[in-house]
Amino acid sequence: MEKIVKQGILYDFYGELLTKHQREVYEDLVLNDMSLAEIAEEQGVTRQAVHDLLRRCDKLLEGYEEKLGLYEKFRRTRELTGEIREMAEKCRRSGDLSLVPKIEELSEKILDIV
């Protein structure tokens with residue numbers, strides 16, 4: 001499941017860098033949840049051809065991620081945002097403002113990422 005989610009996010013970030021044909025096939029797998037056989041039938045090619053194309057797309061998307069790191073920045077920002085929300089909720093419930101400096105520190109880390 002995690003692989004599919006990561007593929008979808010990588011596609012969101014870098015999908016426009018694929019060719020039109022690559023995007024169509026990749027969307028059928030990741031977004032439309034089609035099987036290799038269904039995609040092959042739709043495209044008029046073999047399952048092996050679809051498999052090979054999808055592997056090339058995965059490598060391309062991973063290569064873009066290695067160079068640009070958008071997925072990793074997104075993941076880290078999401079993680080820090082979750083921590084901030086938890087701390088803010090604790091502050092709200094308890095009225096204890098001692099967590100405010102930690103919240104500000106995490107907010108700064110997010111700004112550094114972006």
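Tutor: Let us start with burial: a residue is buried when its relative accessible area is under 20%, exposed when it is over 50%, and partly exposed in between, with a 1.4 Å probe and protein chains only. By that rule the buried residues of α1 are Q7, G8, I9, L10, Y11 and Y14, where helices are DSSP runs of H or I of at least four residues, numbered from the N terminus. This is a predicted model, in which local features need pLDDT of at least 70 and side-chain atom pairs count only at pLDDT 80 or more, while totals for chains, interfaces and linings use all residues. Residues are numbered from 1 along each chain as its sequence is written, and side-chain values use heavy atoms, with hydrogens and water left out.

Student: What do the buried residues of α1 pack against?

Tutor: They pack against α2 (20-30), α4 and α5, where contact means heavy atoms within 4.5 Å.

Student: How do you know that the span of α1 agrees with its number of residues?

Tutor: The expected span is 1.5 Å times one less than the number of residues. For the 13 residues of α1 this should give 18 Å, and the end C-alpha atoms are 18 Å apart, so the two agree. Helix α5 can be treated likewise, since its 25 residues reach 36 Å from the first C-alpha to the last, close to the 36 Å expected.

Student: Why is I84 called buried?

Tutor: The relative accessibility of I84 is 16%, and therefore I84 counts as buried. I84 is found in helix α5 (residues 70-94), whose buried residues are Y71, T77, L80, I84, M87 and C91. These buried residues of α5 pack against α1, α4 and α6 (100-113). Leaving out residues up to four places away in sequence, I84 touches I103, L106, S107 and I110.

Student: What makes K6 and E62 a salt bridge?

Tutor: A salt bridge requires a side-chain nitrogen of Lys or Arg within 4 Å of a carboxyl oxygen of Asp or Glu. In K6 and E62 the closest N and O atoms are 3.8 Å apart, and the pair forms a salt bridge. K6 lies in helix α1 (residues 2-14) and E62 in helix α4 (residues 47-68), so the pair ties together parts that are 56 residues apart in sequence. As for accessibility, K6 at 28% counts as partly exposed, and so does E62 at 31%.

Student: How many salt bridges does a search of the whole structure find, and where do R93 and E89 lie?

Tutor: The search finds 6 salt bridges. R93 and E89 both lie in helix α5, 4 residues apart, about one turn of the helix, and their side chains meet at 3.3 Å, N to O. R93 is exposed because its relative accessibility is 62%, whereas E89, with a relative accessible area of 31%, is partly exposed.

Student: What separates R76 and E79 along the helix?

Tutor: R76 and E79 are 3 residues apart in helix α5, and so are separated by about one helical turn. Their closest N and O atoms are 2.2 Å apart, which makes the pair a salt bridge by the cut-off already given. Both also belong to a network of salt bridges that links E72, R75, R76 and E79.

Student: How many disulfides does the structure hold, and are C57 and C91 buried or exposed?

Tutor: The structure holds 0 disulfides, a disulfide being a pair of cysteine sulfur atoms within 2.5 Å. C57 has a relative accessible area of 0% and is therefore buried, and C91, at 10% relative accessibility, counts as buried too.

Student: How do you know that D33 is exposed, and what is its phi?

Tutor: The relative accessibility of D33 is 67%, so D33 counts as exposed. Its phi is near 55°, a positive value in a residue other than glycine, and D33 lies in the loop between α2 and α3 (36-43). A positive phi, near 75°, is also found in G95, which follows α5.

Conventions:
Helix = DSSP H or I, 4+ residues; strand = E, 2+ residues; numbered from the N terminus.
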